[in-house]
Structures are given as structure tokens and as C-alpha cells.
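Please look over the sequence and the model below before reading on. The paragraphs after it are meant to be read with both in view.

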Amino acid sequence: GVESPSSTSSRSFRKGKRLVLGMVGRLSEQKGQHEVVQALQEMDAPVILNLYGSGERYYVDKLKASAGGSVHFKGFQKKQQIYSEVDFLVINAKNESFGRVVAEAYAYGVPVFGLRSGAVPELIEDGRTGFIFDDITEFRFRLDNVLMTLDEQAYLGMSQNCIERFDNNYTIKSYSEEIYKILLNEVKTHD
């Protein structure tokens, strides 16, 4: 399970303000931060991208060289700090396994843009807890749609959906209950 935050601060969202996206974890080609940076520059959208973590020097230097003023390199931060700063988490990693950061984002009510790869599509309820995209072109399309149409009420609904998904699926309590059900079922089938 993922540790539940001691308090989930209320989220806010104002249509027309600069949207803050976050990418959390190792900065590497496989995680695809360079594609998101390039996509945002091509869009020229009112978006800030915060990159949290570190990586190989050559890749970080490459990212910094191509990043405009709307890309911020934040290094390592506490989870609470990260998820209080971002409106959406972005996962553009190829073949990501469980994706612990998705569960962490949900704990703080942060919806996720996720690449349809690895386990990520199983973690995101498209349109309810975030948006799934097949490639960077679709990411741009989905992000543009969010910028044009998502209002505060819809965003807060998504945020609440994230918290509910976290509470129902990713807490120590929910894991314990699921294991108990499995063990109880095993006992019943062996009687």
C-alpha cells in the first residue's frame, strides 16, 4: 500500500490560470520527459512543467538545453510539496510497472495524464481520474482539450474521484482487507 497523507489539502482549479503539470522520478529517456518538454513548446500553451527528481547528467543537460522558461527543475521534494504544486501528474514512461506515483498522486487528489503502456492504463480511469494517451500527439490533443474545456467543478470532481480510488484500492487498509478476503476464500474452498 501507499501511505495516506496525514491531511489532504483542498485543491483548487481556475480555468484560464497557468496549468501546472508535474513529472516525478528518475529523469531518463525511458521516462519520456524530453517528449513532454518538446510537446509543450510546440503547443505554446499556458502550462508550467515541474520536473521532480534527478538523472544522468547528459540527459538532464539535454532537457535543460531544450527547456524553455516554463519548465522548472525541482530536484527532490517531499510528496506533500510536490502534489500541492501540481494540477496534473504526467507519466510518459514506456512499459512502466505499477507506477507508485499514480497512487501517490491519487492520495493527494491529483489527476494523471498517462501513456497507454505497461500497467498505467489499469491505474487510470480515463475521464474520471485522469486521461490516457497513446502517443505524444494524443497527449497534446488531450491537454489542449483540458485547457479549453475543464472547469473548476469538473476538476474538483476528478480530484475527488482520485481520492476515492486511492482509499478503495491503494491504502494499507484496503490491501489488508483484500488479502483477508483471499485467505478466507482459500479456507472455505479447502473445507
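What follows goes from the whole chain to one helix, a pocket and a few single residues.

The model is a predicted one, in which local features need pLDDT of at least 70 and side-chain atom pairs count only at pLDDT 80 or more, while totals for chains, interfaces and linings use all residues. Residues are numbered from 1 along each chain as its sequence is written, and side-chain values use heavy atoms, with hydrogens and water left out.

The chain holds eight helices and six strands, where helices (H or I, at least four residues) and strands (E, at least two) are DSSP runs numbered from the N terminus. Read from the N terminus, the elements follow the order β-α-β-α-β-α-β-α-β-α-β-α-α-α. Of the 191 residues in the chain, 45% are buried; buried stands for under 20% relative accessible area, exposed for over 50% and partly exposed for what lies in between, with a 1.4 Å probe and protein chains only. The chain exposes about 10,100 Å², of which carbon and sulfur atoms supply 49%, the areas coming from the Shrake-Rupley method with a 1.4 Å probe, and for residues only the protein chains shown count as cover. Among contacts (heavy atoms within 4.5 Å) with a separation of 6 or more, 67% are between residues 24 or more positions apart.

Seven of the eight residues of α4 are buried, namely V101, V102, A103, E104, A105, Y106 and A107. These buried residues pack against the strands β1, β4 and β5 and against the helices α3 (79–85), α5 (120–123) and α7. Just after α4, G109 takes a positive phi of about 75°.

Strand β5 (residues 112–115), one of the elements against which α4 packs, contains G114. Is G114 buried or exposed? G114 counts as buried because its relative accessibility is 0%. Leaving aside neighbours within four places in sequence, G114 is in contact with I91, V120, I124, F131, I132 and F133. The C-alpha atom of G114 is separated by 9.7 Å from that of D135, which is 21 residues away along the chain.

The largest pocket has a volume of about 170 Å³. A pocket here is found on a 1 Å grid over the protein atoms alone, as an open set of points where a 1.4 Å probe fits, with protein on both sides within 12 Å along at least five of seven lines, and lining residues have an atom within 4 Å of a point. Grid points are joined across faces, edges and corners, and the volume is the space filled by probe spheres set on the points. Of the 15 lining residues, V24, K31, I91, E96 and V101 lie nearest the centre of the pocket. At least two lining residues come from each of β1 (19–24), β4 (88–91) and α4 (100–107), and β4 supplies the largest share, three residues. The lining divides into seven nonpolar, four polar and four charged residues, with Ala, Val, Leu, Ile, Met, Phe, Trp, Tyr, Cys and Pro counted as nonpolar, Asp, Glu, Lys and Arg as charged, and the others, Gly among them, as polar.

E96, one of the residues nearest the centre of this pocket, is found in the loop between β4 and α4. E96 counts as buried because its relative accessible area is 15%, and, not counting residues up to four places away in sequence, E96 touches Q30, K31, S117, G118, A119 and V120. The loop between β4 and α4 also holds N95, which counts as exposed because its relative accessibility is 62%. Most residues other than glycine have a negative phi. N95, although not a glycine, has a positive phi of about 55°. D44 likewise is not a glycine and has a positive phi of about 55°; D44 sits in the loop between α1 (33–43) and β2 (47–52) and is exposed, with a relative accessible area of 69%.

Two helix residues complete the tour. N161 lies in helix α7 (residues 152–169) and counts as buried because its relative accessibility is 15%. Leaving aside neighbours within four places in sequence, N161 is in contact with R128 and T129, and a polar atom of its side chain lies 3.1 Å from the backbone oxygen of R128. Q81, in helix α3, is partly exposed, with a relative accessible area of 36%. The side chains of Q81 and E85 are joined by a polar contact of 2.4 Å, that is, a pair of N or O atoms within 3.5 Å in which, within protein, one must be able to donate a hydrogen and the other to accept it, and residues adjacent in sequence count only if both atoms are side-chain atoms.
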